[in-house]
Amino acid sequence: MIISLNWLKQFIKIDMPVDELVTLIGARLVEVESVVDIGAKYVGVVVVKIAKVMPHPDADKLHVVHVDDGGVTPNVVRLENGLIEVVCGAPNVQEGLVVAWLPPGSTVPNSYDKEPFVLEARALRGVVSNGMLASAKELAIGDDHDGIAELDQTMAAGTSFAEAYLLNDYLLDIENKSLTHRPDCFGIIGFAREVAAITGQTFVTPEWLAELVPDVVVAKDASDLPKISAHVEGDVSARYQLVALQNIDATKKSTFAMQTWLARIGTRPIGAVVDITNYLMYTTGQPMHAFDLDKVMAVHPQHSAELVVRESREGETLTLLDGRTINLSNSDIVICAGDTPIALAGAMGGASTEIDSTTTRVLLEVATFDLYRLRTTQMRHAIYSEAITRFTKGQAADQTAPVLAEAVHMLRDIVGGEAISEVVDVETESEDELILSVSAKHINAILGADYSIDEIAGTLARAEFVVAHDGEDTLQVTAPYWRQDIHIVEDIAEEVGRINGFDAIAPVLPQRPFRAVMASEFEQTRSAIRSMLKRSGANEILTYNFVSGALLQKTGESAEPAYHLVNSLSPELAYLRTSLLPSVLAKVHANHKLGYDEFALFELNKTHTKRELNDENLPLERQMLGFAWSATDKVAKRSSGAAFYQAKHFLEYLADSLRVNLRYEPLHGSKVPEWLALHATVYEPQRAAVVHAGDIAIGIVGEIRAAVRTNLKLPQAVAGFEIEAELLHAARMRTSNYKPLSRYPGTTRDISVVVDNATTYESVVKTIQEQLALLPVTTSLVPIGIHKKTDADEKTITLRISFVDSAATIDVAMVNKAVDTISSLRY
Amino acid sequence: MNMNDFAQARDHLIKEATASDEPEMYLRSAELQSLVSGIKNVAAEDRPAYGKALNQLKQSLQEIVDAKAAAHASAAIVPIDVTAPFDSRETAPARPHLLPTEYGSAHPLMSELERVIAIFTGMGFAAVESRQLDNDFNMFTALNFPEGHPARDGYDTFRTEEGLIPPAHTSTMQNRILRAGKDGLARGEAIASISYGRVFRNEDVDATHEHTFYQVEGVYVSETATLANMLAVLRSFFETYYGQALKIKTQPGYFPFVEPGLEFAIEKPAALGGKPGEWLEMLGCGMIHPNVLKAADIDPAKYRGFAWGGGLDRLVMLAHNIEDVRHFEAAKLNFLRKFV
C-alpha cells in the first residue's frame with residue numbers, strides 16, 4: 001500500500017523530517033519498505049494561463065500560444081508584453097485555459113525515472129517554442145495524452161505546479177501484511193489517526209465520517225423512478241446500502257487535484273464517478289461500486305432495481321468488467337438484479353451494468369461483505385484489486401453510511417449528480433459495543449512496564465478510544481467503531497505499548513531457578529553422527545523433501561506410498577520423499593562434473609510414507625541417515641575392492657564410534673520390515689545387506705543397481721546406505737566397555753582358515769570366538785586378509801588373534817594349543 | 001499390406017527376438033524395415049491404426065532387448081559376502097578406506113543450528129525438533145487463526161492431497177510444547193522451550209528466497225512473564241551469539257498467535273561489519289495470545305507467556321556473507337567444502 005505524505009497532512013500536522021517520521025512509523029505502527037521523493041520530477045513546472053492562441057504560420061495542426069506565467073520564470077525569452085511564446089499541437093488549446101508549462105531546462109516529469117528528457121527552446125517549423133505545454137501523461141498524472149492537461153481554473157498563473165497540487169510529496173510504501181487486522185489503516189484517515197497518536201497529537205475524525213446517521217438530500221423532480229430495494233440472504237453482508245442518482249455525466253472528469261491524488265499512488269484517473277469512488281476508498285478504506293441504473297433495470301425481469309445479495313450457485317456464470325466470464329461456485333457472493341448475477345460482490349462489477357459514456361443514472365452501492373467468502377473468491381478468481389484487499393480486512397459496517405453520504409455530496413459538487421432515491425439500508429448484524437475494564441496493573445503486568453493510569457488513558461484517547469475512569473486504577477474503555485480488532489485486555493496492552501513505543505520498555509530477564517538443560521539425547525547422537533562422518537572425510541548435504549515422480553521412477557520407488565502435493569511449485573517437487581538415498585544419489589553426478597573424483601555425501605533428514613502413522617494419527621516421521629560413496633572409474637581402478645565394502649567401511653567406522661554393534665544379512669532373500677522394503681529398490685540385491693542392530697533391521701547398505709546408475713548417470717563404483725537414525729541411536733551402548741590394560745606382555749598369532757566360498761566371514765569369526773571364549777584370558781581378533789583365486793571354490797581367511805592375561809605373562813603353551821584347535825575346526 | 005499380414009509378421013518377429021541371444025538385431029532387421037515402409041501401401045483410413053500397431057511392435061521388441069540386457073547384467077553380478085570387512089582378492093588384500101579428514105564438512109546450516117541450540121539450552125530452554133508434515137490444527141487453528149481467515153494466506157502453505165501441511169513455521173510445535181509443560185506450570189515451573197527445524201513456503205526460488213528453509217522458535221510461559229522479559233531473553237541470546245553487547249529495537253507486527261506482536265531487530269554487530277544505525281531484522285515475537293494458551297488447556301487468567309520465531313538461513317548467510325540462499329540445498333562440494 002502506498003501512503004502519500006501530503007495526503008496524510010490533509011488530516012494531521014507533521015513537522016518532523018520524513019526520515020524521522022518513517023522511523024517512528026516503523027517503530028510504532030508498521031514497517032515502511034521504501035520512501036520515494038516524487039517532488040524532484042516537477043522541478044521548474046509552472047502553472048500558466050493561456051492568454052492568446054494563434055494559428056501557426058506554417059503548420060495546420062500547430063498553434064502559437066502566448067502564456068502568462070506571472071513573470072516568475074527566470075532566464076526565458078519573453079515577448080514585449082512579458083508573455084512567453086510556446087508552440088502547441090494539442091486540439092484542446094484555448095484562450096483562458098489554465099495549464100502546466102514545462103519551461104526550457106525542465107525535465108518532462110514522466111521521463112524522469114526512465115531516460116530524462118530535458119526541454120530546450122527549439123524552433124518548430126520556424127517558430128521558437130519556449131518549452132512546452134504538458135499533457136496529463138507527460139505530467140505523470142494518468143495516461144491521458146489526447147491534449148494538454150486542463151488544470152483547475154482556480155489555480156493562479158505563476159504558481160509552481162508541484163506546490164499547487166502538493167506534489168512536493170513523499171510516497172511511503174507500507175508493508176501490508178502486518179496491518180491484516182487493521183482495516184481502518186487501509187484508509188488515509190485511519191492511517192493519519194495512528195500517526196497522530198504516535199506523534200503525541202489527539203486526532204479528531206472529520207465530522208462527515210463521524211456522523212453515523214447522515215442526511216442525504218433527495219431531489220424532488222425524480223421521474224420514472226423504478227422500485228429500488230435490496231435483500232440480503234444469510235450472512236453474506238453485514239451492511240448493504242444503495243442510493244440512486246441522476247444527472248450523472250459519466251464523461252466528465254474529476255478535478256485535476258483529485259486526479260493528482262489518485263495518480264501519485266498508482267491509480268489511473270478515469271472519470272469523475274470512478275475517481276470519486278476511488279478517492280473515498282483511499283480516504284476511508286471503504287470501497288464502493290456504481291452500477292448503471294438503467295442497465296440494471298434492463299437486466300431485471302421486472303425492469304426494477306430490486307437487488308438480491310446472495311451466495312452464488314454452482315453452474316452460474318458472470319461476465320466481469322475485465323471481459324472474463326467466470327464460473328461461479330457456491331461460496332462466491334453475487335449481487336443480482338432479480339435472480340441474475342450482475343456483480344461479483346467486493347471483487348468486480350459485471351459487464352452488463354458497467355458505466356459508460358451513455359450513463360446518466362447510477363446506483364451507488366456501499367456495503368461490507370463476509371471476508372471469509374471474499375477471501376476464497378479472491379483466490380479462486382485471481383482478483384487482487386485495491387477494493388478486495390480492503391474488503392478482506394473486514395471493513396466496519398458502521399462506516400458505510402457516512403461514506404455513502406460523502407459520495408453523494410462529492411458527486412453533486414463535481415458532476416452535478418442528484419440523489420433520487422432514499423438510501424436503501426439493510427443491516428443484518430450489528431456489533432455490540434464492547435466495554436473493556438482495564439487496570440494499569442494488568443497492562444503493566446503484560447508489558448513489564450510502569451505506565452500510570454493517566455498515561456494509559458491519555459494514550460488511548462489520542463487514538464479516539466472512549467475512556468472513562470472507574471476507580472483509582474481502572475478504566476472503562478470503549479473502542480471506536482472502526483477498531484473491530486479490539487476484543488481483550490491484551491489488545492489494549494498492545495495499543496498502550498505500541499503507541500508509546502515498545503522500545504521504551506526496559507528489558508528484564510525472567511527470574512527462574514537455574515537448571516542445566518541439554519539438547520535431546522537423539523540430537524546429541526545426530527551431532528555425533530555429523531561429526532564422525534565429517535571426520536571420515538564425508539560431506540553433509542541438505543536436499544529437498546520434495547522430489548519428482550521421475551526420480552521415484554529412476555530409482556524404482558513407487559509413488560503410491562508417497563504423499564503428493566496438490567500445489568507443488570513444479571512437477572520436480574511434487575512428492576514427499578519416502579527415502580533419502582535417491583536424493584543423495586541424485587547429487588552425485590553434478591559433483592563428479594565439478595571435478596571431484598571420489599567423495600562421500602550424507603544427509604540427516606526425515607522421510608514420510610502414507611503407510612505409517614504415529615499416535616497423533618499423523619504421518620510417522622522417520623529420522624534417516626542417507627550416505628553415498630562414489631568414485632569415477634579412473635579412481636576406482638586404483639582403489640581396491642567392491643564399492644559395497646567402501647560404504648560398509650564408513651558405516652562400521654560410524655557404528656564403532658557410537659558403540660553400536662551391527663550385523664549384516666544379504667538383502668537377497670532377506671525378509672525385511674515393510675518400511676524398509678520401500679528403500680530396497682535402489683540397491684543391487686546380490687551386493688547389498690540388511691543392517692541389523694541386535695534383532696532389529698535398521699537399514700540397508702549396498703551397491704547401487706545398474707539401472708539406477710544409468711538413470712542417475714552414476715559411475716560404476718557407487719554404494720551407499722540408509723539407516724534409521726533413531727534405531728541406531730537406540731542401539732548405542734550406554735556403558736563404557738573399557739578394560740584396564742594388562743601389566744603383563746601378551747602375544748599374537750596369525751591364523752588362516754580355508755573355507756568354502758559360501759561360508760561367510762561372520763560364521764568363521766563366530767566359530768573362532770566361541771573357541772576363544774573358553775580360554776581364561778582376554779582375546780581379540782582382527783582380519784588380515786581374504787584371499788581367493790579367480791574361479792576357485794574356496795577362500796582363505798587370515799585373522800590375527802591377540803592373547804592377553806591380566807594377571808600373568810601369557811601362557812604360550814595354552815595359546816599354541818588353542819591355535820591348533822582352531823586350525824583343526826571345521827567351518 | 002493388410003492388418004492380417006501385419007499381425008503374422010509381428011508375431012514372427014517377436015517369437016524370433018525372444019528366442020534370440022541378440023534380440024537387438026531384430027530392431028534393425030529388414031523384416032521390420034519392410035513393415036515400416038509398408039505403411040505407404042496401407043489405405044489412408046487404416047494408417048493411424050497401422051502406425052499405432054507398428055509403434056507397439058517396436059516397443060515390444062525394445063522391451064525384449066531390455067529384459068535380455070537386464071538378465072545378462074544380473075547374471076554378471078557376483079554375489080558378495082556382506083559380512084566380510086573387505087573384498088577377497090587373489091594376492092594383496094583389498095582394503096576399503098575412509099577419505100581424508102580435511103575433505104569432510106558439516107552443512108553450515110546444521111553447524112549453526114547446533115550452536116543456536118547450545119546457546120538456548122545453556123539459557124535453560126529445552127530443545128525440540130519440529131515436524132516436517134503436520135495438520136491444519138497445529139499449523140493454524142491452535143494458533144488462533146480462525147478457519148478461512150485471510151491471515152492464513154500470508155503463509156503460502158503447501159498441501160498434500162490428504163490436507164496435510166508441510167509446516168510454514170516451527171510454531172506448529174507450540175501447542176504440543178504447551179501441553180507437555182502444563183503439569184510443570186502447576187508445580188511452579190516455567191515452560192521454556194525452543195523448537196527448531198525445516199519449514200516450507202510455496203514461493204518461487206531465487207537468490208534470496210527458498211521454499212525450504214530452517215526456523216528456530218521459542219516459548220516461555222509462567223505466572224509472571226512480561227514483554228520486558230521477552231526483550232531481555234532475545235537480546236541475551238543475540239549478545240551471546242555475536243559475543244558483544246547489542247542495541248535492540250522493535251516494530252509492531254501482526255501474527256494472530258501473539259498479542260501484542262512485534263518484529264525484533266538488533267543493531268548490526270561489528271563482527272558483521274555493522275555500523276551504528278544499521279539494523280538487522282531478526283525475528284517476529286510477542287506475548288502469546290490467550291486463545292493459544294486456551295487451546296492447550298492453560299488458563300490465560302493465571303499464566304502468561306511470550307514466543308518468538310526466526311529464520312536460521314539468514315543468520316548463516318550473514319555470518320559467512322553467503323550471496324545465494326540456493327547454495328544451501330544444492331549439495332555442491334565446491335560450496336560445502338568451504339565449511340570444513
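User: Taking a residue as buried if 20 or more other C-beta atoms lie within 10 Å of its own, exposed if 12 or fewer and partly exposed in between, with C-beta atoms placed from the backbone, which residues of β13(A) point which way?

Analyst: This is a predicted model, in which local features need pLDDT of at least 70 and side-chain atom pairs count only at pLDDT 80 or more, while totals for chains, interfaces and linings use all residues. Residues are numbered from 1 along each chain as its sequence is written, with chains lettered from A and ligands numbered from 1 in the order in which they are written. From β13(A), M288(A), A290(A) and D292(A) point one way, H289(A) and F291(A) point the other way, and all are buried.

User: Why is β13(A) called largely enclosed?

Analyst: Because five of the five residues of this strand, 288-292 of chain A, are buried, the rest of the structure largely encloses it. Strands here are DSSP runs (E, at least two residues; helices are H or I, at least four), numbered from the N terminus.

User: And what does β13(A) pair with?

Analyst: β13(A) pairs with β20(A), residues 362-368, in the antiparallel sense over five bridges, pairing being at least two DSSP bridges between two strands. The bridge partner of D292(A) in β20(A) is V362(A).

User: Switching to the sheet with β25(A), what is the strand order?

Analyst: The open sheet runs β23-β25-β24 in chain A, with antiparallel pairing, and β23 (435-439) and β24 (466-469) of chain A are its edge strands, each pairing on one side only. Four bridges join β24(A) to β25(A), residues 474-478, and V467(A) has V477(A) as its bridge partner in β25(A).

User: Which residues touch the most others in the largest nonpolar core?

Analyst: V99(A), L364(A) and I700(A) touch the most other members of that core, which has 310 residues; a core is a set of buried Ala, Val, Leu, Ile, Met, Phe, Trp, Tyr and Cys residues joined through C-beta atoms within 7 Å. Leaving aside residues up to four places away in sequence, I700(A) touches, among others, L667(A), Y683(A), V691(A) and F721(A).

User: How many residues of chain B are in contact with chain A, and which element gives the most?

Analyst: On chain B, 90 residues are in contact with 106 residues of chain A, contact meaning backbone-placed C-beta atoms within 7 Å. The elements giving two or more residues to that side of chain B include α4 (108-122), β3 (212-222) and α7 (227-242), and α7(B) gives the most, with eight residues.

User: How far apart are the two domains of chain B?

Analyst: An automatic or database assignment sets the bounds, giving domain 1 (3-76) and domain 2 (108-339) of chain B, whose C-alpha centres lie 61 Å apart.

Key: Contact = placed C-beta atoms within 7 Å.
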